[in-house]
Amino acid sequence: MKHLLLPALLLFALSVAVPCHAQWLTFTPNIPDTVGIATTHVVDQNIAWAGANQYVADNAAGYNPAFSPRAYVFRTTNGGQSWSADTVPLGAAPFIANICGIDGQTAWLTGYDFAILYMQLLQTTDGGKTWTEKLLDGFKIPGWSYINNVYFWDAQNGIVCGDPAPLDPDTVPFYEIYRTSDGGQNWTRVPKSALAAPLPGDFGLGNCYAAVGDHFWFGTVQGMLYHSPDRGATWQTYTTGMPSTGILSFADSLNGICGNNLGGRESIVWRTVDGGKTWKDVSPAGDYNLSSAAIIPGSRYFLVTTMDSIADGPFRTLISKDGGNTWQQIAEGENPGWAYFVSPTAGYAGDWQTTVSKTRLYRYNGDPLSGVFSGNTLDAAVTVSPNPANDVVQINLSRYAESTDWLILLNDAAGRLAGQRRVQGVDAWKERFDLQSLPAGVYTLTISNSKGSLSRQIQIVH
């Protein structure tokens, strides 16, 4: 199965933000179901949208849709201080593929009713309370049509991409892609001549796309990548060498990251520096599943979130500052899947459905980790003693130019998180780390605030 008519019901629900470790704020919407976030889209610092379905999360059986009678859309317009929750009129067995927000009131959504095998492209103009079906004559070919992605560059210009489907009288299928330049009132299918023929049995993946400027990419289950440099008018096709092209994120027209779990957990994070033509495996070491892969705009740092177990974790967040050559764990506990950043200080995400918590949405909690994400070098006087160290090490930060919040991370040579501290609202501090339980070796100390970060090496000897 692909990774896949009543008015929308307002659930009278606003969620309340509570702290979740140092990096994220977590939000639990007041809904009767536990669901998994399937798609997120961030409009700006304050506005974000997310779509969610109910899943069966089982380590043996995998992560599959439960086809419950309700699928949800969540929306924040105040930087994540509160979220609205609405159901979507997709039918008796609804499944949301992806969502794209235009502003705080308008969004587009692709979804499927598995009860009658009916695909829809929907638009809301009232913040998700009601939805209207668009493109009524598209994606209606039985046995073929499936919409994977919708994306709008602005209120007028958009694209919607689906699986290969024939166009009468031609019986040979090609990717069903439509473009609009008038806000979705009229759509034109991209001609067969503009697209390379799909591989036999190949098809797209829901919410597997990326867009930067006029560029647009979408991936397939057999590892093909389709790229348009001009909003879908013309297309290039790349054989990536990946087992599939799953989660896509691009910083610009050249630099991108792809994450997937199809084809084995040993090779799931890849990068490109030429717009998707070629890819390099940069997977962090370990045996895990992936729930996010994103590039932080500005710094081009990579962020991934992993889960050893689909159902109950543990869940870890890692970043790479060097294009995936090395990785550093920055958090453990939260599971911010489908992370989507628009700047080093603005990012949103949501839990894949687990057995250990209710549905959670995440707003990146900016300071002080934004200093790491920014890529800026911190100008601060730091001493580490003793170094080499045996039982304890003391880190001193002399008087800084202003009082601020600080994050201190200690990572081993493999990037695993060995310790962390958070210091709030000061311009100088002293922190001690107990090293007795840590193996001997070289460790990296990272100190950050909202302005930047710095690193020091610590050698532990016993």
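Biologist: What does the chain average in pLDDT?
Modeller: The average is 89, and 93% of the residues score at least 70; pLDDT is the predictor's confidence in each residue, from 0 to 100. Over residues 1–22, however, the pLDDT is below 50, although this stretch has 75 contacts in the model beyond near neighbours in sequence. Where pLDDT is low, the predicted coordinates should not be read in detail.

Biologist: Back to F216, then: which residues have the most contacts inside the largest nonpolar core?
Modeller: They are V160, I177, F216, F218 and W235, in a core of 56 residues. A second, separate core has 22 residues, among them A389, W406, F433 and L438. A nonpolar core is a set of buried Ala, Val, Leu, Ile, Met, Phe, Trp, Tyr and Cys residues joined through side-chain atoms within 4.5 Å; buried means under 20% relative accessible area, exposed means over 50%, and partly exposed is in between, using a 1.4 Å probe and protein chains only.

Biologist: Is F74 buried or exposed?
Modeller: F74 is buried, with a relative accessible area of 0%, and it lies in strand β8, residues 72–76. Strands (E, at least two residues) and helices (H or I, at least four) are DSSP runs, numbered from the N terminus. F74 and G127 are 53 residues apart in sequence and 9.4 Å apart in space, C-alpha to C-alpha.

Biologist: Switching topic, how many salt bridges does the structure hold?
Modeller: It holds 13 salt bridges, each being a side-chain nitrogen of Lys or Arg within 4 Å of a carboxyl oxygen of Asp or Glu. One of them joins R300 and D252 at 2.7 Å, N to O.

Biologist: Why does that pair tie together separate parts of the sequence?
Modeller: R300 lies in the loop between β26 and β27, and D252 in the loop between β22 and β23, so the pair ties together parts that are 48 residues apart in sequence. R300 is partly exposed at 42% relative accessible area, whereas D252 is buried at 17%.

Biologist: What about E402 and K451?
Modeller: Their side chains meet in a salt bridge at 2.6 Å, N to O. E402 is in the loop between β34 and β35 and K451 in the loop between β38 and β39, so this pair ties together parts 49 residues apart in sequence. E402 counts as partly exposed at 34%, and K451 is partly exposed at 44%.

Biologist: Which residues are linked in a network of salt bridges?
Modeller: D154, D214 and R231 are linked in that way.

Biologist: Last one: in what order do the four strands of the open sheet come?
Modeller: The order is β14-β15-β16-β17, with antiparallel pairing, where two strands pair if DSSP finds at least two bridges between them. The edge strands are β14 and β17, each pairing on one side only, while seven bridges join β15 to β16.

Technical notes:
Residues are numbered from 1 along each chain as its sequence is written. This is a predicted model: local features need pLDDT of at least 70, side-chain atom pairs count only at pLDDT 80 or more; totals for chains, interfaces and linings use all residues. Side-chain values use heavy atoms; hydrogens and water are left out. Contact means heavy atoms within 4.5 Å.
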